[in-house]
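Subject: Two-chain model, handover and notes

Hello,

My notes on what was found in it follow below.

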There are 2 protein chains.
Amino acid sequence: MKIQRVEAIPYTIPMKKPLHFASGSVHQIDHVLVRLTTDDGLVGVADIPPRPYTYGETQAGVVALLETLFSDALVGCDPLDRGRLHAALDRTVGNHATKGGVDIAIWDLIGKSVGQPVHRLLGGYTDSLRVAHMIGFAEPAAMVEEAQGFRDEYGIAVFKVKVGRRPLSLDIDLCFALREGLGTDVELYLDANRGWTATEAVQVLDATAGLGLTYFEEPDDAREILGRRRLVQLSRIPVVADESVPTLGDAAREIQTGGATALSIKTARSGFSESQKILAYAEALGVDVIMGNQIDSQIGSTATVTFGAAFAHSSRRAAELSNYLDMADDLVAEPLVIRDGVIAAPTVPGVGVDIDPEKLARYRTDGRN
Amino acid sequence: MKIQRVEAIPYTIPMKKPLHFASGSVHQIDHVLVRLTTDDGLVGVADIPPRPYTYGETQAGVVALLETLFSDALVGCDPLDRGRLHAALDRTVGNHATKGGVDIAIWDLIGKSVGQPVHRLLGGYTDSLRVAHMIGFAEPAAMVEEAQGFRDEYGIAVFKVKVGRRPLSLDIDLCFALREGLGTDVELYLDANRGWTATEAVQVLDATAGLGLTYFEEPDDAREILGRRRLVQLSRIPVVADESVPTLGDAAREIQTGGATALSIKTARSGFSESQKILAYAEALGVDVIMGNQIDSQIGSTATVTFGAAFAHSSRRAAELSNYLDMADDLVAEPLVIRDGVIAAPTVPGVGVDIDPEKLARYRTDGRN
């Protein structure tokens, strides 16, 4: 089995409603579908969500990298030479989402070639993941109503609240409104996307101490290293590193040096192979892991379920799987189903995604077909 | 695919010559072959080497555990539910070699069921591993001659020297004799199997400083924690934790708290699944890894090659693969080949071992057939 063709298909789908958070807004998703075809006719796919404001990748840049350096590294190679392929891809610096997508597409080929769900090849620990839904900036009443709606419709009982605004009272009041409106049987945690300083973040922790919030993600900029460490020492809830830890080395640096006490793992940026290493590192140290969402389509969320449900340590907590609900459409042939607050792990060979050719033709922006 | 039968076959093979080291001697190997048979007729095998003086397992105890608690946990289950099976096995404390063997036999089934070498499913990084040979206690001239013989016959250029005797001059003189006799193009490292105190170990380091030794494994007892930390701080070469780190948690504890600066990974005690986690942890921190040998048969050494060659970080250094050369016989149908100092990774489906039924009948000690 040799990879014969690497396709990079840019596509755009509008958001049903724009998503606002401290580090930006998303009005439409400009992703790249990577498609690897082998000489024996297998097709491996993955979604690549470039996030210029977080990791510096762009849609056009992803396409260019896939069509040049990465094609050179992949074409003619066997997907089962995974370790060797990564060594070749890693000669190019950065570009985490592109590398992550290629890794997932390689795993998709491996799973399809051996006729097994990748979820089971990776570890097959559990059949499903609980869903944590992310709620973006809005008026408190609207955010409570939105969360209530997700609970009623999907059974979701874990919410990640986007915060990081000034004055701090905006978000402190929001936390009180959510706890009051949703009751105590709902789990709430915060993500400030580095919107605050360390000092402000400690003020928010103190003001919300009685609300039972469980995690605090990227409260401030992790590069302001002394402030971050002071914050981590003062926080009674784990401080989650997300955009500061795209790789294994970054995760180790932040945890070892007191810059964070929990890790977000996103398959969109570290694929399955690197994510598995980060997960093992976290398990070794008893560091909590949250499976995160890079504003993933259903293709990306399926990959997260495939990975997260495969291991004990990644399936303990609810995973952020439902951003796709804010998108107007998707490329998958079969929509994901959230029922009783969980998404089931795929049981078909490969990562578990089937692309709808008509939808792909409608949303691709390269004019090809 | 369901596991239908768990067989635990005790067998004994004499050593060609006894192996002597600081924590004991081995005159014959009393191992257990674990054999998992599925309802569709696949057979997964692994070797379990109990080491009572290191980990507390005995041949009879391994058989008993496999035939009772572990059979209950495994029979009727799909090997692809690996994560779930481990959760069940881990309810029994300790018994690392038994758990490691079961994990390898499960991987053997997975590889055979999908028709792929496990080496490639794990990562497929490289085609072979360099071999490091271990030389046990003997007169210096005999040890030099033995090493020279292994270099001439197999192309082996890396030797692990068993030390840990008193007076210290015995082993210091030995190191000088080996360096002088073998020249500078041979890599030498030490393993004292905790035979010395930390203070003695530092004396040995100072006395051998000019000899270019590369690693110092378990110089003293890791449980003497202050002495060990003082030694680690004073050593200019990595101090390798081996018997003190049978699990992921142990490895993390020793590395994080300054008890070691390198790790020995043995598939005989942590299988493939746990070994993969330990390896990722080590890679995250830039901690060197040596693939170790639990006085493994060719079955065990094949498993080590399958794992070690699958990843970049485990294949950097020579692996301890050749203890089987000291055994009078083995159970495998096709002997391992060491040529130009390397052993090739298996290319057949599964872990890569074929058992010779006649040899198994000859060496098994349970009177069955």
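Two residues are taken to be in contact if their C-beta atoms, placed from the backbone, lie within 7 Å. Please keep in mind that this is a predicted model.

I start with one residue, Leu74(A). Leu74(A) belongs to helix 1 of chain A, which covers residues 59-74. Not counting residues up to four places away in sequence, Leu74(A) touches Ile3(A), Val6(A), Leu36(A) and Leu85(A). The cut-off for a buried residue is 20 or more other C-beta atoms within 10 Å. Leu74(A) has 23 such neighbours inside 10 Å, so it counts as buried.

Next, the relation between the chains.

The interface involves 28 residues of chain A in contact with 27 residues of chain B. On the side of chain A that touches chain B, the elements giving two or more residues are helix 2 (82-89), helix 4 (118-122), helix 9 (248-256) and helix 11 (273-285). Helix 11 of chain A gives the most to that side, with seven residues. Sorted by class, this side of chain A has 15 nonpolar, seven polar and six charged residues. Of the interface residues of chain A, 96% are also interface residues in chain B, so the copies meet through the same surface.

Tyr281(B) has contacts in both chains. Leaving aside its neighbours within four places in sequence, Tyr281(B) is in contact with Ala280(A), Tyr281(A) and Ala284(A) in chain A, and with Leu248(B), Ala251(B) and Ala252(B) in chain B. The largest nonpolar core has 234 residues, and the ones that touch the most other members are Val34(A), Leu263(A), Tyr281(A), Val34(B), Leu263(B) and Tyr281(B).

On to the sheet in chain B. Three strands form an open sheet in the order 1-2-3, with antiparallel pairing. Strand 1 (3-21) and strand 3 (43-48) of chain B are at the edges with a single partner strand each, so one side of each has no neighbour in the sheet. On average, and with direction ignored, neighbouring strands of this sheet are turned by 20° against each other.

Strand 1 of chain B and strand 2 of chain B make a hairpin with two residues between them. The two strands run antiparallel, and 14 bridges join strand 1 to strand 2 (residues 24-38) of chain B. Among the bridge partners in strand 2 of chain B, Val26(B) is that of Leu19(B), and Gln28(B) is that of Pro14(B). Helix 1 (residues 59-74) of chain B lies across strand 1, strand 2 and strand 3 of chain B, and runs at about 155° to strand 1.

Some backbone details are worth a look before you set anything up. The peptide bond from Arg166(A) to Pro167(A) is cis, with omega near -5°. Pro167(A) sits in the loop between strand 5 (158-162) and helix 6 (168-182) of chain A. In chain B, a cis peptide bond joins Arg166(B) and Pro167(B), with omega about -5°. The loop that holds Pro167(B) is between strand 5 (158-162) and helix 6 (169-182) of chain B.

Ile295(A) is not a glycine, yet its phi is positive at about 50°. Ile295(A) lies in the loop between strand 10 (288-291) and helix 12 (298-308) of chain A, and is buried, with 21 other C-beta atoms within 10 Å. Arg194(B), a residue other than glycine, has a positive phi near 55°. Arg194(B) is placed in the loop between strand 6 (187-191) and helix 7 (198-207) of chain B. Arg194(B) is buried too, with 22 other C-beta atoms within 10 Å.

Last, helix 12 of chain A. Eleven of its eleven residues are buried, so helix 12 of chain A is largely enclosed by the rest of the structure. The buried residues include Gln298(A), Thr302(A), Val305(A) and Phe307(A).

Regards

Definitions and conventions: Residues numbered from 1 in each chain as written. Chains lettered and ligands numbered in written order. Predicted model: local features only at pLDDT ≥ 70, side-chain atom pairs only at ≥ 80, totals over all residues. Helix = DSSP H or I, 4+ residues; strand = E, 2+ residues; numbered from the N terminus. Nonpolar A, V, L, I, M, F, W, Y, C, P; charged D, E, K, R; others polar. Pairing = 2+ DSSP bridges. Axes fitted to C-alpha atoms, helices over the stretch in contact; angles between N-to-C directions. Core = buried A, V, L, I, M, F, W, Y, C linked by C-beta atoms within 7 Å. Buried ≥ 20, exposed ≤ 12 C-beta atoms within 10 Å, placed from the backbone.
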